[in-house]
Amino acid sequence: MTAHTTAERRSIHLLISSMSAGGRSVNVGPEVVRILRGGGWAVRVSVTRASDDPCQIASATTEDVIGALGGDGFISAIARGAHEAGTLFAPIPGGRGNDLCRALGISPDASARAKQLAELGFVNEESDELFASRIRPMDGMWVTTPDGTVHSLVLGLVSLGLDAKANLLANESMFTSGPIAYGYGAFAALATHRPSTITLKIDGQERELTGWITSVSNSGRLGGGVRLVPQSDMTDGIMELCHVEDIPLLKALPILAKVVGGRSQGHEVIHVEPASSIEITQPVGMVAMADGDKVAEIPFTVTSAPHIVDVLV
């Protein structure tokens, strides 16, 4: 006990979203802070409101680690701040889906995640070795619009078509569980959504894709555990374009059910290809979703951002 009293402690600036999942992060925040401090961490807490810029707050951090307790959109914003500050990043799940933590192999339970981090709070030879072994490089994607009004970092997927509409409907639903909300959103979207044609340039080559789903992937996951693009790797420096062909609704239903169930890999109407830059130009005004939130409207460009930040898993 005496050794821990005098030992040097690591510091973390923990940003907590007041908006994610109807306040879930704020509810679990005190328990997360208690666990971290119990493990030796010196914790500074900032609870962000809707009017705050979490990226700006994170970028001014001077602690050893920047922590983010919130949903995927909030975590992406804090990751950008960590990138700008050149500081190690520690995501903690506090949303409905928590797909970014799942993709990184991190527990989707906030208290369990805090316990994983707690063992790293004190600075000593054993902890230093463990600390170093838990640091991973993480890629991202930049989403930018021609007029410069949007310049956002995305860690998960940029979605157009059915999955974007499903995301919107899930956000509007009363469900607090990510898988249930997204499942509801996906099948509710089928009632009105029809395949659309998207014009884009993939690494400079112009294409037209007509189909149910068009997504640009970094993590491959969405909807609280759906593995839309199992090939995606958040450390390989490459994005993937996923496209589900235009096929009749009755044929599409069992395939889309497999997508939601994460069992779609290798199906002949689902195409995945690598890319480093994708410029999407038509149809103008179509909404794109990313990490659970609206990110832009067409036209916009998605560019790979290899090793955008180091993450503590």
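This is a predicted model: local features need pLDDT of at least 70, side-chain atom pairs count only at pLDDT 80 or more; totals for chains, interfaces and linings use all residues.
Proline 299 lies in the loop between β16 (293-297) and β17 (300-312), and the peptide bond that joins isoleucine 298 to this proline is cis, with omega of about 15°. The briefing below takes up the backbone first, then a pair of helices, and lastly a pocket.

**Backbone geometry in loops**

- Most residues other than glycine have a negative phi, and most peptide bonds are trans.
- A cis peptide bond also joins glutamine 282 and proline 283, where omega is about 0°.
- Proline 283 belongs to the loop between β14 (277-282) and β15 (287-290).
- Aspartate 203, although it is not a glycine, has a positive phi of about 50°, and this aspartate is placed in the loop between β8 (196-202) and β9 (205-217).

**Packing of helices α2 and α6**

- Helix α2 (residues 24-38) and helix α6 (residues 110-118) have axes that come within 8 Å and cross at roughly 20°.
- Because angles under 35 degrees count as roughly parallel, α2 and α6 are therefore roughly parallel to each other.
- The crossing that α2 makes with α6 is right-handed.
- On the α2 side the contact is made by Val28, Glu31, Val32, Ile35 and Leu36, and on the α6 side by Ala110, Ser111, Ala114, Lys115, Leu117 and Ala118.
- Sorted by class, the residues in the contact of α2 with α6 are 8 nonpolar, 1 polar and 2 charged.

**The second largest pocket**

- Rolling a probe the size of a water molecule over the atoms shows where empty space is left.
- The second largest pocket has a volume of about 210 Å³, and its lining consists of 17 residues, of which Ala103, Leu104, Asp233, Met234 and Thr235 lie nearest its centre.
- Strand β5 (residues 135-144) gives the most to the lining of the second largest pocket, contributing 3 residues.
- Taken by class, the lining of the second largest pocket has 9 nonpolar residues, together with 4 polar and 4 charged ones.

Methods:
Residues are numbered from 1 along each chain as its sequence is written. Side-chain values use heavy atoms; hydrogens and water are left out. Axes are lines fitted to C-alpha atoms, for helices over the stretch in contact, and angles run from 0 to 180 degrees between N-to-C directions. Helices (H or I, at least four residues) and strands (E, at least two) are DSSP runs, numbered from the N terminus. Angles under 35 degrees count as roughly parallel, over 145 as roughly antiparallel, 65 to 115 as roughly perpendicular and the rest as oblique. A crossing is left-handed if the near helix is turned anticlockwise from the far one by less than a right angle, and right-handed if clockwise. Contact means heavy atoms within 4.5 Å. Ala, Val, Leu, Ile, Met, Phe, Trp, Tyr, Cys and Pro count as nonpolar, Asp, Glu, Lys and Arg as charged, and the others, Gly among them, as polar. On a 1 Å grid over the protein atoms alone, a cavity is a set of points where a 1.4 Å probe fits but cannot get out, and a pocket is an open set with protein on both sides within 12 Å along at least five of seven lines; lining residues have an atom within 4 Å of a point. Grid points are joined across faces, edges and corners, and a volume is the space filled by probe spheres set on the points.
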